[in-house]
Amino acid sequence: MSLPTRYAGWMTRDLALGAGIPMAVLTVIASLVVSKVQVVGPVGDAARAACLVVLNWTAIGLALLATSGIVSADFAIGHQRTLFSKPVSPPLYYLQRWLIGGVGVLIGSAVVAQTIAARFEGTALGVGFILRVALLYLVIGGLVFLMSTLIRGDWVAVTALLAWHVVLGVAHSMGMERGPIGAVLEIILPPRHLLSLGDPLPTGIDLVQVLVYGTLVLFGALAMLRWRPLARGARQ
Amino acid sequence: MIELKGLSKTYRSLLGGRVVPALDDLTLTLARGEVVGVAGPNGAGKTTLISLLLGYLAPTSGSLLLEGQAPRPWIERHGAAYLAELIAIPGQWSVEAAMRRYAVLAQVPAGRVTERVEALLRDFGLADQRGKRVRELSKGNLQRLGLAQALAGDNDFVVLDEPTHGLDPLWTQRFRDVVRDLRRPSRLILIASHNLDELERLADRVLILHQGRVERIVAAGAGAIASAGVALAYRLALGAAHPALARVFPDAEAIDGRMAEWRVRGELEALNRGLAELLSAGALVTAFAPEESRLESEFRAAVRGDG
């Protein structure tokens, strides 16, 4: 079994004409925002930091858009019954779609990062940047992918998780106790705080945490596609 | 080609509170070269059987092997020509794009995709619809697109679930020709349908499912009726009432009190002898047709639980 590479062109077209449109809009808006940020005087560092926050959330937004409904959209109408009567492996079909989505996220993030770099006279693009986007996509895109094999409102569920993570982070920074439930949630929720595109690549235990989390959600999605019934769909 | 042994499928709700048996202890062999019909009332288990054959569901117990392999790996390797009962193709795709996509997925060689797609669009009368979105198609055209996509590859396992649903009489006839053309020694064709007449015309044998069990397996086709030696009811219509009728068919019953239309019963051979006698006596026979096909009578008996 191999990836249905001959179908990659159609998948790319689906992305471009589907999620690609809001992804492009988000990229343009984020680029406009970062290009208008005031960079002179002592506020320059704060402005750059603000731009990096915009970049991070843009990349997360792009990952949510690229993977939203990646599996669930087909299952919602029962299209998988037709698709997988062809000699195609469901996990490999959706893995290829997920990877193509990742390329879209990388392109959008690169445009915003390059806009920031142009404003602050730096270079954003390079292997380090690509690896950081790849890690972010592995975690966030992988989580939506997994959710999409389970429920229809995949991106909504992941957005809620991310929002919850932000709330927990704010509460923690205000000195509130995390408690045992908070500690468990810390493990379940995506390690977004380790995925800042403006920071150096995580190392050591942080890198292990990101890789383990991302690998678990990605392989969880692939395992679900291998074992879940393909009969479910519009009829049921 | 396909072996089912003690195959059962039971649907359970998430917490196991609700249990719905769908198929119960099916043991059966389906061979290449056959056209097999699957009939049964709603909820008999036809779609569940198809889902199991395509590896979309796992059996609760028993086994199902396609050439010694579990269905899913076999389908992922060889593919199947499958028409689903409810055709679900993304509505925003154009007819031609949908066909091209399915041809690529069906592993049609890159250099032959255009030729194959054009042939299917032409054969299924979709050439003038190629630019339309799938959501804009009428029920009949969508059904034809479903059939065309199913046949995009050159598969040895063909599964058609309610294939003539929504087709007009012209295309229903064309569909019969398509199935006849599809027949080949290496291919197994499975047709699930409520249309017993369709199955009787196309299938070599028909499985009658009822409440998840194979109640009967009926040999179908014109030859099967002749060789079955079963007494069936036929409608005999004459140009005008004829005195020889009472002698030739003493048990004939007038239909709706009309003296020119009669119901006669018997084995086909005896009925043919009677018809010859009637014709030689100068009667003008305008119609002679089964009132109910053998498959219909077997179906009725199976569903009622007779014999």
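Q: Which domains does the assignment give for chain B?
A: Domain 1 (2-80 + 155-220), domain 2 (88-147) and domain 3 (226-304). Such bounds come from an automatic or database domain assignment. This is a predicted model, where local features need pLDDT of at least 70, side-chain atom pairs count only at pLDDT 80 or more, and totals for chains, interfaces and linings use all residues. Residues are numbered from 1 along each chain as its sequence is written, with chains lettered from A and ligands numbered from 1 in the order in which they are written.

Q: What separates the centres of domain 1 and domain 2 of chain B?
A: 24 Å, taken over C-alpha atoms.

Q: And how many residues does the contact take from each?
A: Seven from domain 1 of chain B and seven from domain 2 of chain B. Contact means C-beta atoms, placed from the backbone, within 7 Å.

Q: OK, new topic. How many residues does the contact take from chain A and from chain B?
A: 22 from chain A and 25 from chain B.

Q: Where does the largest share of chain A's side come from?
A: Helix 5 (residues 79-83) of chain A, with four residues. Helices are DSSP runs (H or I, at least four residues), numbered from the N terminus.

Q: What about helix 7 and helix 8 of chain A, at what angle do they pack?
A: About 130°, with axes 8 Å apart. Axes are lines fitted to C-alpha atoms over the stretch in contact, and angles run from 0 to 180 degrees between N-to-C directions.

Q: Which residues meet there?
A: Among them, A:Ile140 and A:Leu143 in helix 7 of chain A, and A:Trp155 and A:Val158 in helix 8 of chain A.

Terms used:
Helices (H or I, at least four residues) and strands (E, at least two) are DSSP runs, numbered from the N terminus. Two residues are in contact if their C-beta atoms, placed from the backbone, lie within 7 Å.
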